[in-house]
Amino acid sequence: MVSKGSKQSLTTYRILSYEYLIDYEPETGNEIKLPVTRVELQPITGRTHQLRVHCAAMGYPIVGDSIYGYGGEGSPRGGLDEYSFNGSRKDLQVKLRNYWKRRHSDSQEGIEMDEDGCLLCLHAQRLTIFHPLTKAPMMFECSPPF
């Protein structure tokens, strides 16, 4: 995930909640709980894909990330090291990806999907910009759609 010429970047994070996505085993129909963690990420620097790269580098890629998540081009193991790659963490990544692709395979109006038809669980809850003419700060807030 680190390439030549990469620049330093910094992200802070805070855990907001521990949650479960409910899925069903295809063969048996038994309910399974897929653990996920909702976090607040604060980019201190502004690098391309910074939040996605940092989460994957810690071994916890963002759900629905087709580039840095499990099987993605930027991080095929989803940030998992060679020792974790063959264990339960890999199985969880596979199940999460499959669940998310099934759930979001149909395009939803107003929600941008990636080329795999998957929703990236990354959302800017608050954006602040300065008006180009008046220079007055403008703040926009919106709860995540997931």
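Arg-38 and Glu-19 form a salt bridge, their closest N and O atoms lying 2.9 Å apart; the term denotes a side-chain nitrogen of Lys or Arg within 4 Å of a carboxyl oxygen of Asp or Glu. The pair links distant parts of the chain, with Arg-38 in strand β2 and Glu-19 in strand β1, 19 residues apart. Helices (H or I, at least four residues) and strands (E, at least two) are DSSP runs, numbered from the N terminus. Arg-38 is partly exposed at 26% relative accessibility, and Glu-19 is partly exposed at 28%. Here buried stands for under 20% relative accessible area, exposed for over 50%, and partly exposed for values in between, with a 1.4 Å probe and protein chains only.

The structure is a predicted model, in which local features need pLDDT of at least 70 and side-chain atom pairs count only at pLDDT 80 or more, while totals for chains, interfaces and linings use all residues. Residues are numbered from 1 along each chain as its sequence is written, and side-chain values use heavy atoms, with hydrogens and water left out.

The count of salt bridges comes to six. Side chains of opposite charge can pair when their charged atoms come close. Another of these pairs joins Arg-102 to Asp-23, with an N to O distance of 2.5 Å. Asp-23 is buried, at a relative accessible area of 10%, whereas Arg-102 is partly exposed, at 46%. A further salt bridge is formed by the side chains of Arg-126 and Glu-141, at 3.7 Å from N to O. Because Arg-126 lies in strand β3 and Glu-141 in strand β4, this pair ties together parts 15 residues apart in sequence. Both Arg-126 and Glu-141 are exposed.

The chain contains two helices and four strands, and their order along the sequence is β-β-α-α-β-β. Of its 146 residues, 26% are buried. Contacts (heavy atoms within 4.5 Å) were also examined by sequence separation. Among contacts between residues at least 6 apart in sequence, 42% join residues at least 24 apart. The accessible surface of the chain is about 10400 Å², and carbon and sulfur atoms account for 51% of this area. Accessible areas come from the Shrake-Rupley method with a 1.4 Å probe, and for residues only the protein chains shown count as cover.

Part of the surface forms a nonpolar patch of about 680 Å², made by Tyr-13, Ile-15, Tyr-18, Val-39, Met-58 and Tyr-60. Patches consist of residues with over 30% relative accessible area and no salt bridge; like charges are joined within 9 Å, and nonpolar side chains (Val, Leu, Ile, Met, Phe, Trp, Tyr) within 5 Å. Strand β1 (residues 11-24) gives the most to the nonpolar patch, with three residues. Ile-15 lies in strand β1 and is partly exposed, with a relative accessible area of 41%.

A search of the whole structure finds one aromatic pair. The ring centres of Tyr-99 and Trp-100 are 5.8 Å apart and the planes stand at 40°, so the pair is tilted. For this assignment, rings of Phe, Tyr and Trp (its six-membered ring) pair if their centres lie within 6.5 Å; planes under 30 degrees apart count as stacked, over 60 as edge-to-face and the rest as tilted. Tyr-99 is buried at 10% relative accessibility, and Trp-100 is buried at 2%.

Backbone angles were considered next. Most residues other than glycine have a negative phi, and most peptide bonds are trans. His-49 has a positive phi of about 60° although it is not a glycine. His-49 is placed in the loop between β2 (31-43) and α1 (50-57), and is partly exposed at 28% relative accessibility. Lys-135, also not a glycine, has a positive phi near 65°. The loop between β3 (126-130) and β4 holds Lys-135, which is exposed with a relative accessible area of 55%.

In the segment before β1 lies Ser-6, partly exposed at 47% relative accessibility. Ser-6 and Arg-47 are 41 residues apart in sequence, and their C-alpha atoms are 9.6 Å apart in space.

Confidence is given by pLDDT, the predictor's confidence in each residue, from 0 to 100. The chain has a mean pLDDT of 83, and 79% of its residues reach 70 or more. Confidence is lowest in helix α2 (residues 88-103), at a mean of 82, and highest in strand β4 (residues 137-141), at 97. Where pLDDT is low, the predicted coordinates should not be read in detail.
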